Amino acid sequence: MTVAVDIEQQLGAFGLRARFASSGRLTALFGPSGSGKSSLISVIAGLTRPDKGRVEVEGRVLVDTEAGIFVPKHKRRIGMVFQEALLFPHMSVAHNLRFGRWFTPPAERYVDMDAVVDLLGIGPLMDRRPGRLSGGEKQRVAIGRALLTSPRLLLMDEPLASLDEARKAEILPYIERLRDETKIPIVYVSHSVAEVARLASDVVMLSEGRVTASGPTADIMQRLDLLPAEERGEGGAVLETTVMRHDAAFGMTVLGSKAGEVRVPRLAVEAGAPVRLRIRARDVMVATVEPKGLSALNVLPGTIIAIEPGEGASVEVHIDCSGVAVVARITRQSRQALELEVGRPVFAVIKTVSFDKANATAGLSGEIHG
Ligand SMILES: Nc1ncnc2c1ncn2[C@@H]1O[C@H](COP(=O)(O)OP(=O)(O)OP(=O)(O)O)[C@@H](O)[C@H]1O
């Protein structure tokens, strides 16, 4: 197991009682403000001591209160990236990067400087001081500095929270590369569904200091009831697809998934490349017969597997499309008019797809309309 946590900690009036285990490449700690994400990160990093419990990373016990084990933070070999880059302003980028390396005994340095510079695309910045970097560039350097400590685990606490949308889009592909091209497990704190759906292999959902759910990203993202109220509209299905072909005549790309083909405006990726799609529940309609004469390009056949009460006048219809669960948010009135029940064959009509290109360096991300 990569990361296994089972701890209790009282912080004033706030009680953190968290238990999860994840062997995912990037595990998102996800929850609303004040749910305990940063407190949990502090326990894993060794910045605070839990009252009770155990923390294990890559088979190494870092905390076990019963056995009297508490590995101090500088011996944990955990790299940290925070919301603010916290670079040394008087040092060049190259110096800031080397600073990370100095702290690791030579025998334990397994991360190579050139590889990190290449991975994060920071070669042209090496001689600059942090004052002359954009927010996104600073964060890439901060990630590089953390990687150069040769960590066994990388903790990222809302690393994009202080960046604007353009800077976020610029840095997301680098975090994907980090996830896919290094062997270092990442625990990533976020309260954004878009970020989690794009980056996480696994999600640990926190609410009021408790883990309310944990598991693979696709499973958790469709549990709309678990999402923080302000993010519920962002929830839905996460589909792993592969680029099948490009349709030059119409400027479209055809993606293959277990649920069927999905057509999206042309993506600048080669056939065979993986693409992760997010289909928000509010962007899916339900039809009881295969629709004709419709502008939406993507219609997936399936069977209703559950109908849950949604917010206000809505219900959430869960549709199994050949093993892929797609969620549609529709009104109770539509449900009644269409006589939707569990077991009924239907068609999920997808109005909009949010797509994220995995394994990319081009920063491609956005929304497309079917
Ligand atoms: N040392 C402390 N003493 C008392 N209360 C604390 C302490 N540290 C954290 N808390 C409280 O614990 C709760 C959880 O805080 P935490 O920062 O872990 O949440 P979070 O999910 O990271 O929130 P955000 O997304 O806003 O950063 C908050 O109510 C906070 O006020």
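Throughout this tour, Ala, Val, Leu, Ile, Met, Phe, Trp, Tyr, Cys and Pro count as nonpolar, Asp, Glu, Lys and Arg as charged, and the others, Gly among them, as polar. What you have open is a predicted model, in which local features need pLDDT of at least 70 and side-chain atom pairs count only at pLDDT 80 or more, while totals for chains, interfaces and linings use all residues. Residues are numbered from 1 along each chain as its sequence is written.

**Domains**

Begin by colouring domain 1 (3-221) and domain 2 (237-369), the two given by the domain assignment of the chain, with bounds that come from an automatic or database domain assignment. The centres of domain 1 and domain 2, taken over C-alpha atoms, are separated by 32 Å.

**The ligand**

Next select the ligand together with L11, G12, F14, G31, S33, G34, S35, G36, K37, S38, S39 and H191, which surround it; a residue is near a molecule if its C-beta atom, placed from the backbone, lies within 6 Å of it. By class, this shell has 2 nonpolar, 9 polar and 1 charged residues. Helix α1 (residues 37-45) gives the most to the shell, with 3 residues; helices (H or I, at least four residues) and strands (E, at least two) are DSSP runs, numbered from the N terminus.

Move to M156, which is found in strand β8 (residues 153-157). M156 is buried because 27 other C-beta atoms lie within 10 Å, the rule being that 20 or more such atoms within 10 Å of a residue's own C-beta make it buried, 12 or fewer exposed, and anything in between partly exposed, with C-beta atoms placed from the backbone. Leaving aside neighbours within four places in sequence, show V81, I186, Y188 and V189, with which M156 is in contact, that is, with C-beta atoms, placed from the backbone, within 7 Å.

**Two glutamates with positive phi**

Most residues other than glycine have a negative phi. Select E58, in the loop between β4 (52-57) and β5 (60-64), where phi is positive at about 50 degrees although the residue is not a glycine. E58 is partly exposed, because it has 16 other C-beta atoms within 10 Å. Continue to E158, in the loop between β8 and α5 (165-181), which also is not a glycine and has a positive phi of about 50 degrees. E158 counts as buried because it has 20 C-beta neighbours inside 10 Å.

Now display strand β12 (residues 236-247) and strand β13 (residues 252-257), which run antiparallel and are joined by 5 bridges; strands pair if DSSP finds at least two bridges between them. V243 has L255 in β13 as its bridge partner. These strands form a hairpin with 4 residues between them, and G251 in the turn has a positive phi of about 65 degrees. Extending the selection to strand β14 (residues 260-265) shows β13 and β14 paired in the antiparallel sense over 6 bridges, with G256 opposite E261 in β14 and 2 residues between the strands of this hairpin.

**The open sheet**

Finish with the open sheet of 5 strands, in the order β16-β20-β17-β18-β19 with antiparallel pairing. Its edge strands, β16 (284-287) and β19 (324-331), each pair on one side only.

Note on methods
Contact = placed C-beta atoms within 7 Å.
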